[in-house]
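Take a look at the chain below. We will walk through it step by step, from the whole fold down to single residues.

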Amino acid sequence: MVWLGARAVVMFQPPACRPDQAGCLRNSLILPLLLLLLLYSSLKATQAAKPKGPGHTHLNSIRIDGDISLGGLFPVHARGHDGKPCGELKKEKGIHRLEAMLFALDRINNDNNLLPNITLGARILDTCSRDTHALEQSLTFVQALIEKDGTDVKCLGGGAPIITKPERVVGVIGASSSSVSIMVANILRLFKIPQVSYASTAPELSDNSRYDFFSRVVPPDTYQAQAMVDIVKAMRWNYVSTVASEGNYGESGVDAFIQKSREDGAVCISQSVKIPREPKQGEFDKIIRRLRENPNARVVILFANEDDIRRLLHAAKKANQTGHFIWVGSDSWGSKISPVVHQEEMAEGAVTILPKRQSIKGFDRYFISRTLENNRRNIWFAEFWENNFSCKLSRHAVKKGSGLKKCTNQERIGKDSNYEQEGKVQFVIDAVYAMAHALHNMHQELCPGKVGLCAKMDPINGTHLLKHIRRLNFAGIAGNPVLFNENGDAPGRYEIYQYQIRNRTAEYKIIGHWTDQLHLNVRAMQWPGRVRQIPSSICSHPCQPGERKKIVKGIPCCWHCERCDGYQYQADTYTCKMCRFDLRPNENHTGCVPIPIVKLEWSSPWAVIPVLIAVVGIMATLFVVVTFIRYNDTPIVKASGRELSYVLLTGIFLCYATTFLMISTPDVGICSLRRIFLGLGMSISYAALLTKTNRIYRIFEQGTMSVSAPKFISPASQLVITFTLASVQLLGVCIWFGVDPSKAIIDYEDQRTSNPGLARGVLKCDISDLSLICLLGYSMLLMVTCTVYAIKTRGVPETFNEAKPIGFTMYTTCIIWLAFIPIFFGTSQSTEKMYIQTTTLTISVSLSASVSLGLLYMPKVYVVLFHPEQNVPKRTRSLKAVVSAATMSNKFNPKAGLRPNGEAKTELCESLETQSFSTKQTYISYSNHAI
């Protein structure tokens, strides 16, 4: 038969769409190419057309006649290489699934309650695991929509050609790969042919605006991705790599995983690697090298096809990475044996996920009963037979030395070969039943009470059939409900497997399941090396208490741990904050605790020495006072000026007593007393000494010019002058009280060391260094003035009065305070400031008092107690005579001071002590004027 011409008219109406829809542009581009493919396919089919009987097998397809025909797409063969469309046979993923459809058709056709008196037929095609080949094969499904016009076609004999009308496919079961389903779905939607997939899980297929005629009995990868994220989180892994096969399934699955991990914020991606459709030699070795770049990311998320998984494991084994990588595989790995054959140790510990399923016992009985005689409808079964039993059906195909034998046809599946039901068998059966139930419901609606198909179902409206598919809710072959949401997706139900090796036997063990949330039996898990401890796959180890996380830019799971140092504490995971001024961080810097409060304790060495000096000084002072009172009327006591002596001794006593105020625990009362007495004792002492030196100076100055006595040299005048000078100190203190009332404070800066553990708060009075200088300033002014007068009276012979001892006292006192100033202010930055300054101040005050007490009064006490023979009155002379004699004695006889019994001195003192004024005499008798 020779064709002279051909013409074909495509009879279909593509789905209407608006010009602004994105799908219109895509459809407008696909349509011309599709028409050319259809014309070519029709021409090729017509050329090869001849009458066919029922059940006849077409090249690369299976045709089963029936009242209603369903299409089927299965990866019977793997992807071919070197330009070949198909590769080796896939026993489980291809033949098992294909036989599952045939098994389901047999059950439905034998079921009197489902589609009674209606037989389902099928046209089953091999996709060869390649989307482009599947597209070409699937054109067979739309041939019935092409009306062929043969008027211009003539045979050589002049007769009309015989054209076989292809069966009309009302729905398609498949495909397996998401990339194949997407390619086929773009065509089927144009012809309004519903499609139900048993294995395609790409999230992209959930887009109902683009794949509106697509449904699936397996959940989309968005659920699977969430389940895998939950597994990773449950294992406390936060740093993983991803590997995806190029195509919709792998890329969409990884994208969904990355999106879910970002939403949770608990998982970060180290490497994201894509396996090309046509991997070059060494491609998988290169991928393993990339995965090894970051050894911390041990977990690898796999969304790859079966072949790529097998080759990836082989490359890892070749790189000697056994036990390093922890694989987390998607449902494309599931519980399949083929990816792990001969590399069991490499796959040990792998966690895989598979839509929840059950082994169908009826299918097991069906499949193991298949033989070459009873399964001739499956054109690939002979090839499966040879592959499964490692034999050849043709004697001529058996070569010597090949190790192959001739098939005897007596082999039996499960007996002479291993058999385990493929994981998607249940879903293939459920997909066929979903189509059958939808047709049954449609038949009950359109053909109520009629046997067989009615006119309303000839032809079957694909849009109407799709509505019935989406409304389904029935119990599947395993008892699980089969239903679809508005996007055609099935609910997410997964089982979690782990590939384990026990006693040299490898198996997939169920360790949990996922239905909206994860349920995982961690105790049942086993990791490479037969260990139970969960391996780590983290970017950064958790920070220790008191350390904050400094996130690496762009990688929230990676961070550097920075210690909250100094006075900082860990406020939260990412922040260190300063403790309040009165607090310091605890030992691990996770919070703040009160800074310990310290004060100068009585038992401290810094306090013991000043107290000892003060106690001795007070005892000495009291001893002098008692001695003076006991010998109050003796000449030496009188000559020392009893009134001012008692005042001076009072000031000395207060100076010693100040030590106890400085060491006592500060409070409002103690701080007030410190303000009053710290400067008051010194002011009284130096006011009395100043009055004495001033009186001596005025007496001798006046005596050289006149015989009359100077004014205000009487004891009462001296007391008034002394108390007037001391009252200035009290007046200043009163003003200070009015401006700034006294109070005790805790100073946290004095001992705020760089090491918080040594920080202390100092309980002290609110007297600053400047305030202390002001407080002691007036006393020092009196001291300096007294020193000046002491210098001026340095020419007075020591045989006359106390000028010399007072001078020595003031010189020594000045030296003490000159030493005090650098010690006091030089230690202002020391951590021992409180102790050093308090001790220095109290000792300086006590030493000043001790100098006055020792130089002015101890010699007198010594004479009074141990040399009473010297404590006798002397003759008196006039003041003029005494002063002149003292002056001349100092001028002509420097050793006049060696006169026995200190005659001149005693004479002058006694004269002044007993001086009385008479208006009738021109000379002065010495009574009641002590110097």
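What follows is a short tour of this chain, which is a predicted model.

Start with the whole chain. It has 931 residues, and 51% of them count as buried. The chain holds 24 helices and 33 strands. The accessible surface comes to about 42800 Å². Carbon and sulfur atoms supply 56% of that surface.

Next, go inside. Find helix α4, which covers residues 178-188. Of its 11 residues, 10 are buried, so the rest of the structure largely encloses this helix. Among the buried ones are S178, V180, I182 and L188.

The peptide bond joining G174 and A175 is cis, with omega about 5°. P459 is found in the loop between α12 (425-446) and α13 (462-470).

Stay with α12 for a moment. H440 sits in this helix. Is H440 buried or exposed? Its relative accessible area is 14%, so H440 is buried, as the cut-off for that is under 20%. What does H440 touch, beyond its neighbours within four places in sequence? The answer is a run of residues from elsewhere in the sequence: N113, L114, L115 and P116.

Now turn to the backbone angle phi. Two residues deserve a stop. N503 is not a glycine, yet its phi is positive, about 55°. N503 lies in the loop between β20 (494-502) and β21 (505-514). H589 also has a positive phi, near 60°, and is a residue other than glycine. H589 is placed in the loop between β27 (583-585) and β28 (592-594). How do their surroundings compare? N503 has a relative accessible area of 76%, so it counts as exposed. H589 reaches 10% relative accessibility, so it counts as buried.

K280, K286, R289, R290 and R292 form it. R292 is found in the loop between α7 (283-291) and β13 (299-303). With a relative accessible area of 40%, R292 is partly exposed.

Another patch is nonpolar. F623, Y862, L865 and F866 make this patch, which covers about 430 Å². Which helix gives the largest share of the nonpolar patch? Helix α22 (residues 858-866) does, with 3 residues. An α-helix has 3.6 residues a turn, so residues three or four places apart point the same way. F623 lies in another helix, α14 (residues 605-630). At 45% relative accessibility, F623 counts as partly exposed.

Notes:
Residues are numbered from 1 along each chain as its sequence is written. This is a predicted model: local features need pLDDT of at least 70, side-chain atom pairs count only at pLDDT 80 or more; totals for chains, interfaces and linings use all residues. Side-chain values use heavy atoms; hydrogens and water are left out. Helices (H or I, at least four residues) and strands (E, at least two) are DSSP runs, numbered from the N terminus. Buried means under 20% relative accessible area, exposed over 50%, partly exposed in between (1.4 Å probe, protein chains only). Accessible areas come from the Shrake-Rupley method with a 1.4 Å probe; for residues, only the protein chains shown count as cover. Patches are made of residues with over 30% relative accessible area and no salt bridge: like charges are joined within 9 Å, nonpolar side chains (Val, Leu, Ile, Met, Phe, Trp, Tyr) within 5 Å. A salt bridge is a side-chain nitrogen of Lys or Arg within 4 Å of a carboxyl oxygen of Asp or Glu. Lys and Arg count as positive and Asp and Glu as negative; His and the chain ends are not counted. The place of a charge is taken as NZ of Lys, CZ of Arg, CG of Asp or CD of Glu. Contact means heavy atoms within 4.5 Å.
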